[in-house]
Amino acid sequence: MLLADGNLEEGRPVTEVDFLRRAIAQGQGSAQADLVLKGGRFLDLVTGDIVASDIAICGDRIVGTFGEYRGTREIDVAGKIVVPGFIDTHFHVESSLMPPQEFERCVLPHGVTTGICDPHEMANVLGAEAFAWFLAASETLAMDLRVQLSSCVPATDHLETSGARIDAHDLLAFAGHPKVIGLAEFMNFPGVLAGDPGVLDKLAAFQGRHIDGHAPLLRGTGLNGYIAAGIRTEHEATTPEEALEKLSKGLTVLIREGSVCKDLHALAPILTERTAPFLAFCTDDRNPLDIAEEGHLDFVIRTAIALGVPLLAAYRAASWSAARAFGLHDRGLVAPGQRADLVVLDDLAACAVSQVLSAGRPVNAALFDARPAINPIGRGSVRARRVTEADFAASGSGPSTPVIGVVPGKIITLRHDLTLPYSGGERRIDLDQDVIKVAVVERHGRTPAGMRGIGVAFVKGFGLKRGAIASSVGHDSHNITVVGADDGDMAVAVNRLGEIEGGFVVVEGGRVLGEIALPIAGLMSLMPFADIRSALVTLRAAARSLGVVLQEPFLQVAFLPLPVIPHLKITDRGLVDVDRFALIDP
């Protein structure tokens with residue numbers, strides 16, 4: 001013990017020792033707690049009991065339960081039920097179209113006190129600079145935003161043109177940051193199974209740390225090999241059979257309910273009190289309209305309960321199970337010694353959030369206003385060349401062609417081999433078959449010499465009858481994706497995105513019907529959440545005026561160029577047969 005200078009006691013700063021003294025005294029009730037939630041009940045996630053008790057808090061830590069406490073500050077929660085803060089185990093902040101601080105302002109009031117994000121959308125545009133920006137932002141937030149380092153930038157090497165490349169050395173430069181958990185979703189599962197050297201370098205660098213999985217439809221011995229690489233969690237299971245196999249082989253399955261990928265209804269039957277320790281929730285990609293109209297993880301919890309999931313199982317998956325899966329052992333229970341992330345509910349079954357505490361701080365406008373500002377990055381990153389109507393000609397040797405089939409509510413697509421109208425060496429759209437054009441335009445200014453930088457094909461399932469919809473959000477390389485029934489409108493839409501630094505655009509008859517600018521890397525807005533929501537309402541109405549039948553057309557457009565999700569996708573280099581992991585000869 002060294003106390004001569006008054007700064008150390010048993011090697012620890014006096015401030016930490018002082019905190020421990022206060023926490024121990026307050027927990028025993030021999031000193032007033034900093035804060036007490038008085039007169040309510042809490043859900044015991046160990047027994048499932050609803051316990052009448054005060055909850056005493058010292059600083060950012062719960063110190064007392066199962067009793068009555070006095071507090072320097074007290075909050076009356078009589079008639080309410082307290083549960084641990086919710087943990088979103090996998091998501092992309094960029095998909096909310098908001099930078100981290102505005103995202104927090106949006107989701108923290110819904111009870112999401114911990115978020116485990118993968119910034120690979122921005123990383124695919126800007127490279128490792130995205131990690132530095134997200135980590136700097138995380139240090140300003142009231143919620144605990146943890147970062148998984150993006151493992152697959154680009155998602156594929158030979159199928160598309162990306163804005164950046166990140167190798168194992170780049171990842172290790174950030175591995176020691178206290179907000180970093182490990183390696184984000186390893187989408188290139190064919191590369192894992194084939195023993196690709198670059199893939200193995202990344203996996204080797206993070207052995208012993210958390211590695212997220214991403215292996216849609218992978219089963220059997222292939223799944224065994226994938227898990228043997230050190231993968232611990234996976235969020236792409238879409239059927240009970242697939243999920244149960246992954247659970248039985250040691251993965252924690254993250255049940256996803258986002259804006260496009262909606263797996264909760266299919267997987268709810270496997271979430272029981274017995275399996276809850278091995279299951280958690282994630283949103284992956286959830287847009288501002290859905291957050292505003294339905295909620296966030298609170299929506300997922302109430303929906304699960306409405307589908308018959310036991311209350312205890314749903315709340316365990318939302319907190320304790322999620323925390324254990326990612327090594328966050330300081331949270332997930334309403335218990336002494338746990339981080340004081342707490343959600344006060346008016347109704348347990350409805351997950352009706354009344355109040356939220358993040359690290360012992362009541363969530364309110366003043367908490368958000370006290371944060372230092374974070375400057376945006378990635379301005380001017382949309383560098384697509386201007387296009388003309390002629391760029392969207394679909395040349396071919398005959399009328400038969402593979403057509404991408406959109407599945408509403410899924411990012412998995414189908415392959416349809418169809419016969420389309422054909423003349424002058426070109427295939428044409430066929431509205432009677434609900435077939436329109438889709439194109440991806442390279443936007444990073446990195447098109448290899450001798451290549452066009454535009455892939456053109458056909459898609460079925462949008463219901464669009466006229467005009468065009470374009471997006472600079474195009475997972476994961478984020479080139480410009482456009483669907484349309486008119487080549488001229490497709491050109492207008494793509495060129496408009498270049499003028500507004502990226503975003504979403506709806507065009508009909510050469511006229512812009514609606515748009516939202518996303519100048520932060522072509523992915524996120526500079527506007528407040530309420531303004532983003534209003535712009536999206538206008539955009540959705542504009543899309544429906546063109547005949548679109550999909551509930552979330554913009555995210556469905558954004559997932560068409562994702563060549564690691566079966567079965568048929570498109571990139572700036574052409575159609576991709578994902579099952580073969582190869583381009584289809586145009």
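User: Which elements do the buried residues of helix 8 pack against?

Analyst: This is a predicted model, and in it the buried residues of helix 8 pack against strand 13 (180-186), helix 6 (189-194), strand 14 (210-213) and helix 9 (240-248). The buried residues in question are Gly222, Leu223, Tyr226 and Ile227, in a helix that runs over residues 220-228.

User: Why is Tyr226 called buried?

Analyst: Buried means under 20% relative accessible area, and Tyr226, at 0%, therefore counts as buried. Phe189, at 15%, also falls under that limit, so Phe189 counts as buried too.

User: What makes the rings of Phe189 and Tyr226 an edge-to-face pair?

Analyst: Two rings pair if their centres lie within 6.5 Å, and planes over 60 degrees apart count as edge-to-face. The centres of Phe189 and Tyr226 are 6.5 Å apart and the planes stand at 85°, so the pair is edge-to-face. Because Phe189 lies in helix 6 and Tyr226 in helix 8, the pair ties together parts that are 37 residues apart in sequence.

User: How many aromatic pairs does the structure hold, and how do you know the type of the one between Trp133 and Phe134?

Analyst: The structure holds seven aromatic pairs. One of them joins Trp133 and Phe134, with 5.4 Å from centre to centre and 90° between the planes, and since planes over 60 degrees apart count as edge-to-face, that is the name for this pair. Both Trp133 and Phe134 are buried.

User: Why is Glu501 called partly exposed?

Analyst: The class called partly exposed lies between the buried limit of 20% and the exposed limit of 50%. Glu501 has a relative accessible area of 22%, so the value falls in that range and Glu501 is partly exposed.

User: Which residues does a cis peptide bond with an omega of about 0° join?

Analyst: That cis peptide bond joins Val153 and Pro154, and Pro154 has its place in the loop between strand 12 (144-149) and helix 5 (168-172). A cis peptide bond also joins His475 and Asp476, with omega about -5°. In general, most peptide bonds are trans.

User: How do you know that Arg496 and Glu499 form a salt bridge?

Analyst: A salt bridge needs a side-chain nitrogen of Lys or Arg within 4 Å of a carboxyl oxygen of Asp or Glu. The closest N and O atoms of Arg496 and Glu499 are 3.0 Å apart, so the two residues form a salt bridge. Being three residues apart in helix 16, Arg496 and Glu499 are separated by about one helical turn. Arg496, at 25% relative accessibility, counts as partly exposed, and so does Glu499, at 45%.

User: What are the accessibility classes of Arg580 and Asp577?

Analyst: Exposed means over 50% relative accessible area and buried means under 20%. With 53%, Arg580 is therefore exposed, whereas Asp577, with 10%, is buried. These residues form a salt bridge, with the closest N and O atoms 3.2 Å apart. Elsewhere, salt bridges that share partners join Asp144, Arg146, Lys179, Asp330 and Arg331 into one network.

Note on methods. Residues are numbered from 1 along each chain as its sequence is written. This is a predicted model: local features need pLDDT of at least 70, side-chain atom pairs count only at pLDDT 80 or more; totals for chains, interfaces and linings use all residues. Side-chain values use heavy atoms; hydrogens and water are left out. Buried means under 20% relative accessible area, exposed over 50%, partly exposed in between (1.4 Å probe, protein chains only). Helices (H or I, at least four residues) and strands (E, at least two) are DSSP runs, numbered from the N terminus. Contact means heavy atoms within 4.5 Å. Rings of Phe, Tyr and Trp (its six-membered ring) pair if their centres lie within 6.5 Å; planes under 30 degrees apart count as stacked, over 60 as edge-to-face and the rest as tilted.
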